[in-house]
Amino acid sequence: MTADDKRVKRRYDTSLRHATAGRTRQAILDAATALFLERGYATTTMAAIARSAGVNTDTVYASVGAKPALFRLLVEAAISGEDHAVPAPERDYVRDIRAQPDAARKLAVYAAAMSRIHARLGPLFGVLQAAAPASPELAELWHEIAERRAANMRLLATDLAATGRLRVEVEEAADVIWATNSPELYLLLVRDRRWTRERYERWLADSWCRLLLA
């Protein structure tokens, strides 16, 4: 075997290992999501997740960490739409919002993004709500995400103000968007009142325009 052949084989072996690890990690995430939604956080064990994913428990810990880290990863993945956390400025819908010259269009893009995100995040948030009182790690996770979301809403409100159409102060606009785009409200309307996601999206965009824009 020549040196070039050896380099090609190493690249192939590395790519194969990465692909296998990626499939294993996704199987763990899928199994964990299903079990958390079915059983709740406290009664879902890492051993049960491993059995459902078809791997051993050590593989789960090596791939995604302990249970609080795993649940954090699931929440971050639900927010980003990827299998990992993605900073807000790097998300496609955020780039789209910033590219829109019209304030109403910015809000429509964001409402559509919230509908997609909460379809993934809402069920997990229900699990988190139930578990947080007995789990300091989960309570801290949600506090952290809520504060991060508030900071991002201030950036959005500042972007809206730059269009000249914002009729309230930036801080008030940020707080209104933060409160109304919460997973709590999504669950109340879509899960409890049986709104469709499309109705939720239209209502959200329309409400923001009525409340915030001149």
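The exercises below, each with a worked solution, concern a predicted model.

**Exercise 1. Helix α7**

Find how far helix α7 reaches, which of its residues are buried, and what covers them.

Solution. 
Step 1. Helix α7 takes in residues 136–161, which is 26 residues.
Step 2. From its first C-alpha to its last, α7 reaches 37 Å, close to the 38 Å expected at 1.5 Å a residue.
Step 3. The buried residues of α7 are Leu138, Leu141, Trp142, Ile145, Ala146, Arg149, Met153, Leu156, Ala157, Asp159 and Leu160.
Step 4. An α-helix has 3.6 residues a turn, so residues three or four places apart point the same way.
Step 5. The cover over the buried residues of α7 includes α4 (67–80), α5 (92–99), α6 (103–131), α8 (170–180) and α9 (183–192).

**Exercise 2. The largest nonpolar core**

Which residues of the largest nonpolar core touch the most other members?

Solution. 
Step 1. The largest nonpolar core has 63 residues.
Step 2. Those that touch the most other members are Phe36, Ile49, Leu70, Phe71, Tyr110, Ile177 and Trp208.
Step 3. Helix α6 gives the most to this core, namely 14 residues.
Step 4. For Trp208, neighbours within four places in sequence are left aside; the residues in contact with Trp208 are then Leu107, Tyr110, Ala111, Met114, Val176, Ile177, Thr180, Asn181 and Leu213.

**Exercise 3. Two aromatic pairs**

Decide whether the pair of tyrosine 110 and tryptophan 208 is stacked or edge-to-face, and do likewise for tyrosine 186 and tyrosine 200.

Solution. 
Step 1. The structure holds eight aromatic pairs.
Step 2. In the pair of tyrosine 110 and tryptophan 208, the ring centres are 5.5 Å apart and the planes make an angle of 20°. Planes under 30 degrees apart count as stacked, so this pair is stacked.
Step 3. Tyrosine 110 is in helix α6 and tryptophan 208 in helix α10 (residues 197–212), 98 residues apart, and the pair links distant parts of the chain.
Step 4. Buried means under 20% relative accessible area. Tyrosine 110 has 5% relative accessibility, so it counts as buried. Tryptophan 208 is also buried, because its relative accessible area is 0%.
Step 5. For tyrosine 186 and tyrosine 200, the values are 5.0 Å centre to centre and 90° between the planes, and the pair is edge-to-face.
Step 6. Tyrosine 186 and tyrosine 200 are both buried.

**Exercise 4. Charges over rings**

Which charged end sits over the ring of tyrosine 41, and which over the ring of tryptophan 195?

Solution. 
Step 1. Over tyrosine 41 sits the charged end of lysine 67, 4.4 Å from the ring centre.
Step 2. Tyrosine 41 also forms one aromatic cluster with Phe36 and Phe71.
Step 3. Over tryptophan 195 sits the charged end of arginine 199, 3.9 Å from the ring centre.

**Exercise 5. Positive phi**

Where does arginine 194 lie, and is arginine 194 buried or exposed?

Solution. 
Step 1. Arginine 194 lies in the loop between α9 and α10.
Step 2. Its relative accessibility is 72%, so arginine 194 counts as exposed.
Step 3. Most residues other than glycine have a negative phi. Arginine 194 has a positive phi, near 60°.
Step 4. Glycine 54, which follows α2, has a positive phi too, near 75°. Within α2 (residues 46–53), Met46, Ala48, Ile49, Ala50 and Ala53 are buried.

Methods. Residues numbered from 1 in each chain as written. Predicted model: local features only at pLDDT ≥ 70, side-chain atom pairs only at ≥ 80, totals over all residues. Heavy atoms only, no water. Helix = DSSP H or I, 4+ residues; strand = E, 2+ residues; numbered from the N terminus. Expected span 1.5 Å × (residues − 1). Buried < 20%, exposed > 50% of the residue type's maximum accessible area, 1.4 Å probe, protein only. Contact = heavy atoms within 4.5 Å. Core = buried A, V, L, I, M, F, W, Y, C linked by side-chain atoms within 4.5 Å. Phe/Tyr/Trp six-rings, centres within 6.5 Å; stacked < 30°, edge-to-face > 60°. Lys NZ or Arg CZ within 6 Å of the ring centre and 35° of its normal.
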